[in-house]
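Hi,

Here is the model I promised to pass on.

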Amino acid sequence: MEEENNLHGKYFSITEPQGTSTVIYQVNRTEKEYLKTSPKYTVERLEYAEEFVGRNKKKTFFVENPAPDGNPLVILSFAKERVVVNMGFLDYDIVKISKKPMPLKCTSIYNEEETEYKEFAYTPNMKRPISIIDPETTEEIKPTLYFDDETNEVKGKCKLKPHKQYFAFEIREHKDK
């Protein structure tokens with residue numbers, strides 16, 4: 001079997017119970033040459049295909065160009081008024097759920113007025129250290145891009161609607177005290 005466009009990847013599936021929607025993010029470590037201008041870690045939402053299996057949904061996720069030493073994953077399961085956060089690791093053809101969680105800062109955001117949240121440096125692939133999700137739709141809030149004249153960079157901000165809750169998470173380096 002020939003590979004098209006030299007795409008290499010791994011697939012894995014999960015079955016969701018009714019009333020739950022799961023999204024998975026791959027955690028990427030920034031290459032050394034970009035560390036001075038970029039965060040140490042970025043997150044990238046995995047694409048998936050969805051099908052119904054009885055009354056439940058089966059989601060098949062795809063990791064493009066998996067790392068030879070594995071890929072850390074953040075698994076978010078949204079249900080009515082709660083989010084279950086799991087850490088995972090794609091190792092060859094197996095997804096392992098971590099017993100020791102990666103440092104993850106989770107925040108619920110709610111404002112009375114429309115607001116802009118968390119300015120970040122733009123990268124062409126839109127990888128960034130933070131993700132803001134609408135828990136009702138599980139869709140990511142897409143940033144608005146603008147040019148910052150002071151820093152001479154393209155940056156992004158997410159606009160949040162008033163009277164609405166959002167789920168935000170960020171991967172940070174764990175520092176022992």
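Below is what turned up, starting with how to read the numbers.

This is a predicted model, so to speak of local features we need pLDDT of at least 70, and side-chain atom pairs count only at pLDDT 80 or more, while totals for chains, interfaces and linings use all residues. Residues are numbered from 1 along each chain as its sequence is written, and side-chain values use heavy atoms, with hydrogens and water left out.

Strand 8 runs antiparallel to strand 7 (residues 82–91), joined by 4 bridges, and Gly88 sits opposite Ile97 of strand 8.

Then there is the hairpin of strand 13 and strand 14, with 4 residues between them and Asn152 in the turn at a positive phi of about 60 degrees. The two strands pair antiparallel over 5 bridges, and Tyr146 has Lys155 in strand 14 as its bridge partner. Leu145 belongs to strand 13 (residues 144–148); its relative accessibility is 41%, so Leu145 is partly exposed (between 20% for buried and 50% for exposed, 1.4 Å probe, protein chains only).

Finally, Glu31 lies in the loop between strand 2 (21–29) and strand 3 (41–45). Glu31 is partly exposed too, at 48% relative accessible area.

Cheers

Key: Two strands pair if DSSP finds at least two bridges between them.
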